[in-house]
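Work through these exercises with the model open beside you. Try each task before reading its solution.

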Amino acid sequence: MTRLRDLQHPRAGTTLMSEWLTGTAERSRTAADALRHEWAAAQAPAGRLAQHVFLSLDGTGLFFYAQWTSDEEHLAWARARRTEVVGRVDALVPGIERPGLTRTRLTRSVVHDGRSPAGLFAVHTVAAGDADTATAPAPGLLAAHLHVTSDGERTIVVTEWTDAAAQEAASGGEPGVKRYTHAHSFVDDHARRRT
C-alpha cells in the first residue's frame with residue numbers, strides 16, 4: 001500500500017486539500033476515475049508537482065491532496081482550466097458538493113513505523129497549538145503529517161494507520177476524523193495507480 005511520504009514532493013511550496021461529497025461509493029469511484037482520465041489526457045500544469053485522490057471509507061466522497069510549487073501557480077491554472085476539467089466530471093457525476101479548498105504548508109512529519117504498509121489515512125483538524133498530541137505513538141499509528149493552514153490558526157493532521165480497526169481503537173470514535181484509502185496519483189506528469 002501507498003505511504004504518504006512516498007506521495008510528498010520535496011519541491012512543494014504549498015499543499016492543497018479539499019473534499020468532494022458525492023453521496024455514494026459508486027459515485028465516488030466514477031468521479032475518481034473520471035478525474036484520472038482528465039489528468040492523463042491533459043498536459044500537466046507547470047506548477048503542479050503531485051495530485052492525489054483518496055476514497056472515503058464510508059463511500060460518501062473524495063479527498064484531494066495536491067502539491068504545487070506555489071499558490072500563485074495553482075491560482076493561475078484554476079482561473080484558466082479548472083472549470084473545464086471539473087465540468088466534464090460533473091457531466092458524469094452531477095450534484096457533487098465541494099465545501100472548499102484549504103491551502104496549507106507541510107510543517108513536519110513524525111514517522112513511527114517506516115516499513116509497514118498503510119491501510120488507512122485519517123484526516124482531522126486541530127487548533128494550531130494542539131498539534132503535538134496528534135503525533136503521540138499509538139498501536140497501529142505509522143506516521144502523522146502536520147500541515148498548517150495559510151492563516152496559521154489550524155493544523156490539518158493526516159495520519160497513516162495499519163488499518164481502520166487500529167485507528168478506531170486509538171481515537172475512540174473522535175468526531176471530525178475522516179477516513180480514506182488511496183485511489184490514484186499523478187506525480188510530475190506521470191500517472192501512477194497505487195492500491
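**Exercise 1. Overall form**

Solution. The model is a predicted one. Next, take the box. Along the principal axes, the C-alpha atoms fill roughly 45 × 35 × 30 Å. The protein exposes about 9,300 Å², and 51% of that comes from carbon and sulfur atoms. Of the 195 residues, 47% count as buried. Finally, check the contacts. Among those between residues at least 6 apart in sequence, 76% join residues at least 24 apart.

**Exercise 2. The elements**

List the secondary structure and give its order from the N terminus on.

Solution. Count by type: there are four helices and nine strands. Now walk along the chain. The order is α-β-α-β-β-α-β-β-β-β-α-β-β.

**Exercise 3. Strand 6 and its partners**

Find how strand 6 pairs with strand 4 and with strand 7.

Solution. First, locate strand 6 at residues 141-149. Eight of its nine residues are buried, so it is mostly covered. Second, look at strand 4, residues 101-111. Strand 4 and strand 6 run antiparallel and share seven bridges. Here Val-111 stands opposite Ala-143 of strand 6. Third, look at strand 7, residues 154-161. Strand 6 and strand 7 also pair in the antiparallel sense, over seven bridges. In this pairing Leu-146 faces Val-157 of strand 7. Last, inspect the link. Strand 6 and strand 7 make a hairpin with four residues between them. Gly-152 lies in that turn and has a positive phi of about 75°.

**Exercise 4. The nonpolar cores**

Which residues of the largest nonpolar core touch the most other members?

Solution. This core has 17 residues. Trp-20, Leu-35, Val-53, Leu-62, Phe-64 and Val-89 touch the most other members. Now ask which elements supply it. Helix 2 (25-41), strand 2 (48-56), strand 3 (61-68), helix 3 (71-92) and strand 8 (178-187) each give at least two residues. Helix 2 gives the most, with five. Zoom in on Leu-62. Beyond residues up to four places away in sequence, its contacts include Trp-20, Ala-31, Val-53 and Tyr-180. A second, separate core has 12 residues, among them Phe-63, Tyr-65, Phe-121 and Val-123.

**Exercise 5. Aromatic pairs**

How many aromatic pairs are there?

Solution. The count comes to five. Take Phe-54 and Phe-63: their centres are 6.0 Å apart, with 50° between the planes, and the pair is tilted. Both of these residues are buried. Now take Trp-68 and Trp-77. Their ring centres lie 5.9 Å apart and their planes meet at 45°, so this pair is tilted. Are Trp-68 and Trp-77 buried or partly exposed? Trp-68 has a relative accessible area of 2%, so it is buried. Trp-77 has 24%, so it counts as partly exposed. The cut-off for buried is under 20%. To finish, trace the cluster: ring pairs link Phe-54, Phe-63, Phe-121 and Tyr-180.

Terms used: Residues are numbered from 1 along each chain as its sequence is written. This is a predicted model: local features need pLDDT of at least 70, side-chain atom pairs count only at pLDDT 80 or more; totals for chains, interfaces and linings use all residues. Side-chain values use heavy atoms; hydrogens and water are left out. A nonpolar core is a set of buried Ala, Val, Leu, Ile, Met, Phe, Trp, Tyr and Cys residues joined through side-chain atoms within 4.5 Å. Buried means under 20% relative accessible area, exposed over 50%, partly exposed in between (1.4 Å probe, protein chains only). Contact means heavy atoms within 4.5 Å. Two strands pair if DSSP finds at least two bridges between them. Accessible areas come from the Shrake-Rupley method with a 1.4 Å probe; for residues, only the protein chains shown count as cover. Rings of Phe, Tyr and Trp (its six-membered ring) pair if their centres lie within 6.5 Å; planes under 30 degrees apart count as stacked, over 60 as edge-to-face and the rest as tilted.
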